[in-house]
Amino acid sequence: MGRPRLIILVRHGESEGNCDRTINQYVPNHKVPLTARGHEQARAAGARLRKTLQPGENVLIYTSPYRRTRETTQGIVSQLDGVEYRVYEEPRLREQDFGNFQFDEGEMTKIWKERARYGHFFYRIPNGESAADVYDRCAGFNETLFRQFSSDKFAKVLVLVTHGLMSRVFLMKWYRWTVERFESLRNVGYCEFVTMERQDSGKYILQNKMLTWSDPPPTSTAAENNNSGIDSGIVEKQQKIREMYNRLLSEENKFETDNQTVDKLIHKDTSMVNEGDSDEDHGEDNASYPDISAFSQDAEAIADTV
């Protein structure tokens, strides 16, 4: 069996949308780029991945097709000189669909509060998806992985460059977590590694402690890393967003060139996939579940899981 030694989930680096959500009123979510700090985080993640690899190990990377994940992938592989790797684009790893261009701040605040009352997993964003919808496509992707694992040629390290919610949904599906446990979890940080290590039994043990809403808040550095709130001076900020979007439109040709650069990383030949019928029992050993009785549905606190 070709099961990898490690499965590493990587959330994208900091994006313009993480710094100001109003950008999604003007820029399609799949076109939101990384910030300068996000590019630095991506390169640092590549260096960290390089140190994680054992001598001679090769890497298979699946990336969400969104611009911020593709740019994160580009930053990661820029640090992998001398390492054998392949990159494939996987649309099923994309972010939860939030319904095309988003509404104004007031309407979106209403939606986030309604979602907090209804429940994050089942609430469907208007004209978009629920986390349950994301779970369904994640299940299909997992089945693809299980078939690939039957090939002895499968890479030693599998990296999934994706999004915060998708990372939690992937773990929920893999370890058969309950809806309550999913809703109790915080997002991981930008370019944070969530590492699953294969045991002699063939099962994968999660190496991270996933933070819940009942845990103490992250440190100031982590909080800054996960800041997705909107600063004061919203009118001035919206004007800057409009100006940035106009600049993005004017640089569309450059963006397409950048996409072609990333495309060179992405392999189109999937003949390495062995379409066998292998599957595995991937339930979590000695699973421990948080006490959800203290789980807060505070809309403001939960908002950063977007």
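Tutor: One term before we start: a salt bridge here is a side-chain nitrogen of Lys or Arg within 4 Å of a carboxyl oxygen of Asp or Glu. Also keep in mind that this is a predicted model.

Student: Okay, so how many salt bridges does the structure hold?
Tutor: The structure holds 10 of them. One joins the side chains of Glu129 and Arg94, at 3.7 Å from N to O.

Student: Where do Glu129 and Arg94 lie?
Tutor: Glu129 lies in the loop between helix 4 (105-118) and helix 5, while Arg94 lies in the loop between strand 3 (85-89) and helix 4, so the pair ties together parts that are 35 residues apart in sequence.

Student: And is Glu129 buried or exposed?
Tutor: Glu129 is buried, with a relative accessible area of 10%.

Student: Which residue forms a salt bridge with Glu129 at 2.7 Å?
Tutor: That's Arg137, with 2.7 Å between the closest N and O atoms. Both Arg137 and Glu129 are buried. There's a network of salt bridges here too, linking Arg94, Asp97, Glu129 and Arg137.

Student: Let's zoom out. How many helices and strands are there in the protein?
Tutor: You'll find 11 helices and 6 strands. The protein has 306 residues, and buried ones make up 53% of them. Its accessible surface comes to about 14,500 Å², with 47% of that belonging to carbon and sulfur atoms.

Student: What about contacts across the sequence?
Tutor: Take the contacts between residues at least 6 apart in sequence: 81% of them join residues at least 24 apart.

Student: Now the inside. How many residues does the largest nonpolar core have?
Tutor: That core has 36 residues, and Tyr62, Phe170, Leu171, Trp174 and Met196 have the most contacts inside it. Several elements each supply at least two of its residues, including strand 1 (6-11), strand 2 (59-63), helix 5 (131-148) and strand 5 (193-198).

Student: Which helix gives the largest share of this core?
Tutor: Helix 6 does, with 8 residues. As a general point, nonpolar side chains in soluble globular proteins tend to be buried together.

Student: What does Met196 touch, leaving out residues up to four places away in sequence?
Tutor: Among them are Phe170, Leu171 and Trp174, plus Leu6, Ile7, Tyr204 and Ile205. Apart from that core lies another one, of 21 residues, among them Ile8, Ala42, Val59 and Val161.

Student: Switching topic: how many disulfides does the count come to?
Tutor: The count is 0. As for individual cysteines, Cys138 is buried with a relative accessible area of 0%, and Cys191 is buried at 2%.

Student: What is Thr35 in contact with, leaving aside neighbours within four places in sequence?
Tutor: Its contacts there are Glu14, Ser15, Glu16 and Cys19. The side chain of Thr35 also reaches the backbone nitrogen of Gly38 at 3.0 Å. And Thr35 and Asn18, 17 residues apart in sequence, are 9.2 Å apart in space from C-alpha to C-alpha.

Definitions and conventions
Residues numbered from 1 in each chain as written. Predicted model: local features only at pLDDT ≥ 70, side-chain atom pairs only at ≥ 80, totals over all residues. Heavy atoms only, no water. Helix = DSSP H or I, 4+ residues; strand = E, 2+ residues; numbered from the N terminus. Buried < 20%, exposed > 50% of the residue type's maximum accessible area, 1.4 Å probe, protein only. Contact = heavy atoms within 4.5 Å. Areas by Shrake-Rupley, 256 points an atom, 1.4 Å probe, with all protein chains shown as cover. Core = buried A, V, L, I, M, F, W, Y, C linked by side-chain atoms within 4.5 Å. Polar contact = N/O pair within 3.5 Å; in protein donor to acceptor, adjacent residues only side chain to side chain. Disulfide = S-S within 2.5 Å.
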